[in-house]
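Please look through the sequence and the model before reading on.

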Amino acid sequence: MSVLTVDKPFRSFFLGGFECSTHRRQDGRRLDLLAATKHNRLLVEDYQALARHGISTVRDGLRWHLIETAPGQYNWSSLLPMLHAAQGCGTQVIWDLCHYGWPDDLDIWSAAFVDRFASFAAAAAAIIRQGTEGDTLYCPVNEMAFWAWAGGDVGQFNPGAFGRGPDLNRQLVRAAIAATRAIRAVDPHAKFVCAEPLINVVPNSDDPEHVRAAEAKRQSQF
């Protein structure tokens with residue numbers, strides 16, 4: 001059994017990742033990137049391909065909307081093959097629990113969103129703990145600050161709001177904290193990461209104005 005330490009939390013220095021967004025577009029279409037990329041059907045092949053390059057730690061995701069088909073009722077058929085493939089390939093997974101998407105019956109602005117997500121996280125952690133050798137890792141809510149901007153300020157992601165970025169950010173943080181506590185109640189040794197995008201913006205010329213504009217854009221992410 002592998003044990004993670006502060007100095008070496010991951011099995012490999014480089015990490016792989018599989019796009020697992022599940023949000024709804026403004027036209028109502030639900031995205032499922034694990035299915036669109038066929039990763040959900042090629043789990044073993046994908047994990048083995050990374051292993052050939054010395055990558056044995058990956059980020060992968062649960063699809064909450066597929067699992068919680070009704071309030072408090074869970075269907076783990078989309079998760080179990082991922083657990084089995086990871087275990088069989090010796091792949092360490094950082095599990096995304098909420099990657100831009102949630103069940104259709106939930107209002108993301110409601111207190112129920114936080115409570116339901118915490119319950120889902122605890123149930124998922126029990127399944128993952130049972131199917132994982134070694135320590136478990138989670139990213140409860142993916143890219144909270146970015147999601148708050150994209151979905152709460154400029155309406156590009158669901159919930160498609162404008163001017164409510166801080167409200168959405170606080171709600172996502174509440175959900176992440178509640179989920180972390182719920183997971184720890186089930187699996188006290190679970191470890192957590194918080195993921196945010198980091199970008200570098202470069203000017204397209206040496207013109208001082210272009211340089212200043214590029215730097216201002218780069219700084220804006222913080």
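This is a predicted model: local features need pLDDT of at least 70, side-chain atom pairs count only at pLDDT 80 or more; totals for chains, interfaces and linings use all residues.

Residues are numbered from 1 along each chain as its sequence is written, and side-chain values use heavy atoms, with hydrogens and water left out.

**Largest pocket**
- The largest pocket has a volume of about 450 Å³. A pocket is an open set of points on a 1 Å grid over the protein atoms alone, where a 1.4 Å probe fits, with protein on both sides within 12 Å along at least five of seven lines. A volume is the space filled by probe spheres set on the points, which are joined across faces, edges and corners.
- Its lining counts 16 residues; lining residues have an atom within 4 Å of a point.
- Ala145, Phe146, Trp149, Ser220 and Gln221 lie nearest the centre of this pocket.
- Helices H6 (144–153), H7 (165–186) and H8 (208–220) each give at least two residues to the lining. Helices (H or I, at least four residues) and strands (E, at least two) are DSSP runs, numbered from the N terminus.
- H6 supplies the largest share, 5 residues.
- The lining has 9 nonpolar, 4 polar and 3 charged residues. Ala, Val, Leu, Ile, Met, Phe, Trp, Tyr, Cys and Pro count as nonpolar, Asp, Glu, Lys and Arg as charged, and the others, Gly among them, as polar.

**Second largest pocket**
- The second largest pocket has a volume of about 210 Å³.
- It is lined by 16 residues, with Arg11, Gln87, Thr91, Thr132 and Glu133 nearest its centre.
- Helix H4 (80–89) and strand S5 (92–98) are the elements that give two or more residues to this lining.
- By class, this lining divides into 5 nonpolar, 8 polar and 3 charged residues.

**Helix H8**
- At 1.5 Å a residue, the 13 residues of H8 should span 18 Å, and its end C-alpha atoms are 18 Å apart, which agrees. The expected span is 1.5 Å times one less than the number of residues.

**Cysteines**
- The whole structure holds 0 disulfides. A disulfide is a pair of cysteine sulfur atoms within 2.5 Å.
- Cys89 is in no disulfide; the nearest cysteine sulfur, in Cys20, is 18 Å away.
- Cys98 has its closest cysteine sulfur in Cys139, at 9.6 Å, too far for a bond.
- Cys89 is partly exposed, at 23% relative accessible area, while Cys98 is buried, at 1%. Buried means under 20%, exposed over 50%, and partly exposed in between (1.4 Å probe, protein chains only).
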